[in-house]
Amino acid sequence: MIALADHSSLAAGSSPPSDAVRRGRLRRRAAVLPGFGASAAITSLVVLALIVFPLTVLVLRAASLGPAGFLAAAWTPRARAAYAVSLGASLIAAVISSLLGLVVAWVLARVRFPGRRLIDALVDVPLALPTAVAGLVYSSLYVKKGWLGQWLVPLGINGAYSYLGIVLVLVFVSLPFAIRVVQPVIESLDRDTEEAARILGASRLQTFLRVVLPGILPAVVTGFALSLARALGEYGSVVFISGNMPFKTEIAPVLIVARLEEFAYAEATTVAVLLLAMSLTLLVVVNTLQQRLARNAQ
Amino acid sequence: MSIHVRSISKSFGSFQALDDVSLDVAAGTLLALLGPSGSGKTTLLRIIAGLEFPDAGSIEEDGEDITERHARQREVGFVFQHYALFRHMSVFENVAFGLRVRKVPSAEVTTRVEELLRLVRLEGLGGRKPSQLSGGQRQRVALARALAIRPKILLLDEPFGALDAKVRVELRQWLRRLHDEIGMTSVFVTHDQEEAFELADEVVVMNHGKIEQQGTPDEVFDRPSTPFVMDFLGNVNVYHGRVENGRAFWHGIPIDYPAYPHAQSREARVYLRPHELEISPPGAVANRLGTSLAASIVRVTRSGPITRVACRPHGSEQELHVDVPTETARGLQITLEPGTHVAITPRNARVFIPGPEYSI
């Protein structure tokens with residue numbers, strides 16, 4: 001029956017299409033994928049309801065303080081230190097995740113070894129594990145009497161209740177993103193181009209730097225952006241490992257919760273808004289870079 | 001630069017890609033490796049390039065053993081089937097790549113690349129990205145890139161496989177002229193016999209990891225040395241029969257086969273090419289092989305300059321295919337249509353005794 005309707009609408013195509021025919025075409029397309037109207041509406045609704053609306057409420061709450069009040073609440077010395085720890089540790093963690101992720105993705109995509117499927121599945125575990133558990137396990141490993149801490153602490157390496165600890169758990173929670181974004185891109189690489197480069201006289205390093213890397217760099221940067229975003233928003237694991245010392249190992253999300261516990265709602269809100277603004281700026285910069293690289297790699 | 005492949009074998013797991021293959025390519029020759037997929041032709045090409053290494057055997061270039069030498073040290077040009085261009089680089093940088101990694105001075109690179117772009121008729125397109133070029137243009141970029149390092153040998157893997165028919169024909173005529181100009185020893189892989197015969201000085205037909213026949217296109221076409229070559233080179237009528245006393249019989253027509261002079265009869269196959277059969281009004285016609293064969297036409301199809309006639313010899317169930325030039329068909333005293341009685345005269349026929357290794 002559907003096929004018949006298709007024929008009639010095609011036959012009518014020579015004369016100016018009537019509204020009924022046009023609707024028929026729309027309906028026919030809707031059977032394959034949601035039509036433009038419907039999908040645009042759903043997309044807008046989702047973005048508005050789930051992201052824009054709550055954020056607007058947040059900004060409005062903070063704005064009710066007025067510019068001077070906002071600054072006084074959000075730009076205290078303790079808050080500035082918290083922003084620095086948040087942004088700094090997240091950037092370091094995102095860089096480490098991107099580099100490690102590239103190596104792991106390369107091995108998973110290119111090397112066939114026993115247990116590859118198991119390791120491939122393990123990569124996703126940090127996404128599913130409650131991050132508080134990760135924070136607890138990491139801190140118990142790195143404290144002075146922990147399995148790793150008993151060796152590392154005498155060497156001056158404090159993995160628990162320290163900046164290093166924050167970076168460690170942030171790498172843990174962000175690594176899956178860095179791997180999963182790059183892996184399919186490596187799998188889809190044209191191996192012939194690597195052989196072509198070798199035949200033309202390129203060394204392994206030259207082949208990687210000049211032929212392979214430009215193809216996967218946009219994905220690596222996307223992985224970096226996602227890792228960064230994930231690290232900036234992380235709370236659960238950091239709160240257990242960092243020790244939350246103001247001015248030293250207190251990240252902005254922990255400060256927000258601390259302010260809430262003091263019933264200083266306005267200050268909590270302003271810190272959140274400023275953190276949001278900084279994160280957004282960083283992500284826009286990284287995305288712009290990624291798009292430029294992707295255009296170049298075409 | 002001449003190439004000598006000596007007793008090379010190569011397996012991938014349980015699949016034997018090459019089985020004791022030896023091949024000589026004289027300097028300056030344009031040689032085609034022709035065969036169906038899985039015949040080992042690409043593996044052989046990749047071993048010559050140094051992209052694969054043989055399990056046994058050796059390769060020499062001008063008498064020098066290069067078996068252990070990696071692709072990077074072999075100074076070969078290789079053109080990949082799907083071009084394998086560097087997508088993120090401009091056409092210019094693609095061609096320049098081999099020179100850049102050799103640290104050739106920039107001014108020299110520019111001169112050489114521009115010279116090559118002129119050679120492959122892409123001058124002025126150096127700034128484009130490969131994605132902005134047509135298939136034929138990409139193939140020429142790949143060729144220019146391969147030639148940039150002044151290789152001693154040029155190897156091409158199905159160089160025209162991904163192009164449409166018209167571009168393919170143009171490009172291969174152009175490649176033939178280019179080869180005549182630079183005279184470099186070249187080997188290309190193809191599964192298209194027309195391509196091999198039109199382009200190559202020498203054709204090597206491969207099957208199941210072995211070389212079936214090597215020779216000039218004329219030699220291979222006129223004197224196929226194995227049933228496989230006969231079959232692979234095009235439509236052919238195959239009849240099962242027997243051979244004895246140096247003769248095989250096809251519908252009572254004797255065909256000489258001096259290679260089997262024994263009295264004991266043995267199974268044989270008779271191969272008749274459709275264009276080596278003549279069609280004429282019914283009645284016996286004297287010819288080299290003795291007599292003609294009475295048949296009736298079953299079907300007539302015309303494809304351009306060739307008219308294909310399917311007929312059935314009287315007393316036989318097997319159809320016999322005859323190709324007649326359409327011009328000749330028009331000049332016949334009879335109309336070619338189903339039901340017409342005709343005489344079929346073979347101008348040529350070949351007999352093969354099937355060996356144990358032979359299978360289609």
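## Getting to know chains A and B

Trainee: Hi! Where do I start: how many residues of chain A are in contact with chain B?

Mentor: Hello! In this predicted model, 18 residues of chain A are in contact with 19 residues of chain B.

Trainee: Which helices of chain A supply at least two residues each to that side?

Mentor: They are α11 (191–199), α12 (204–233) and α15 (265–297) of chain A. The largest share comes from α11(A), with 7 residues.

Trainee: And what is the make-up of that side of chain A by class?

Mentor: By class, the side of chain A that touches chain B has 8 nonpolar, 6 polar and 4 charged residues.

Trainee: Staying in chain A for a moment, where is L91(A) found?

Mentor: L91(A) belongs to helix α5, residues 77–110 of chain A.

Trainee: Why does L91(A) count as partly exposed?

Mentor: Because L91(A) has 18 other C-beta atoms within 10 Å, and a residue needs 20 or more to be called buried, or 12 or fewer to be called exposed. Here is another detail: L91(A) and A178(A) are 87 residues apart in sequence, and their C-alpha atoms are 13 Å apart in space.

Trainee: Let's switch to chain B. Which domains does the assignment give it?

Mentor: Domain 1 covers 3–225 and domain 2 covers 237–352 of chain B. The C-alpha centres of these two domains lie 40 Å apart.

Trainee: Tell me about helix α4(B). Is it mostly covered or mostly uncovered?

Mentor: Mostly covered: 10 of the 13 residues in α4(B) are buried. Among them are V141(B), A142(B), L143(B) and also R138(B), R140(B) and R145(B).

Trainee: What do those buried residues pack against?

Mentor: The buried residues of α4(B) pack against β6 (76–79), α2 (91–100), α3 (106–119), β7 (153–157) and α5 (165–182) of chain B.

Trainee: What span should α4(B) have, and how far apart are its ends?

Mentor: At 1.5 Å a residue, the 13 residues of α4(B), 135–147, should span 18 Å. The end C-alpha atoms of α4(B) are 19 Å apart, which agrees.

Trainee: Now hairpins. How many bridges join β9 and β10 of chain B?

Mentor: 5 bridges join β9 (residues 202–207) to β10 (residues 210–215) of chain B, and the two strands run antiparallel. V204(B) stands opposite Q214(B) in β10(B). The hairpin has 2 residues between the strands, and H208(B) takes a positive phi near 50 degrees there.

Trainee: What about the hairpin of β17(B) and β18(B)?

Mentor: That hairpin has 6 residues between the strands, and G315(B) takes a positive phi near 85 degrees. β17 (residues 306–313) and β18 of chain B pair in the antiparallel sense over 6 bridges. V309(B) has V322(B) in β18(B) as its bridge partner.

Trainee: Which side chains of β18(B) are buried?

Mentor: L320(B), V322(B) and V324(B), which point to one face.

Trainee: One last topic: what is the order of strands in the open sheet of 5 strands in chain B?

Mentor: The order is β13-β12-β11-β14-β20, with antiparallel pairing. The edge strands, β13 (253–256) and β20 (350–352) of chain B, each pair on one side only. On average, neighbouring strands of this sheet are turned by 40 degrees against each other, direction ignored.

Trainee: And how many bridges link β14(B) to β20(B)?

Mentor: β14 (residues 266–272) and β20 of chain B pair over 3 bridges, and the partner of Y271(B) in β20(B) is R350(B).

Note on methods:
Residues numbered from 1 in each chain as written. Chains lettered and ligands numbered in written order. Predicted model: local features only at pLDDT ≥ 70, side-chain atom pairs only at ≥ 80, totals over all residues. Helix = DSSP H or I, 4+ residues; strand = E, 2+ residues; numbered from the N terminus. Pairing = 2+ DSSP bridges. Axes fitted to C-alpha atoms, helices over the stretch in contact; angles between N-to-C directions. Domains from an automatic or database assignment. Contact = placed C-beta atoms within 7 Å. Nonpolar A, V, L, I, M, F, W, Y, C, P; charged D, E, K, R; others polar. Expected span 1.5 Å × (residues − 1).
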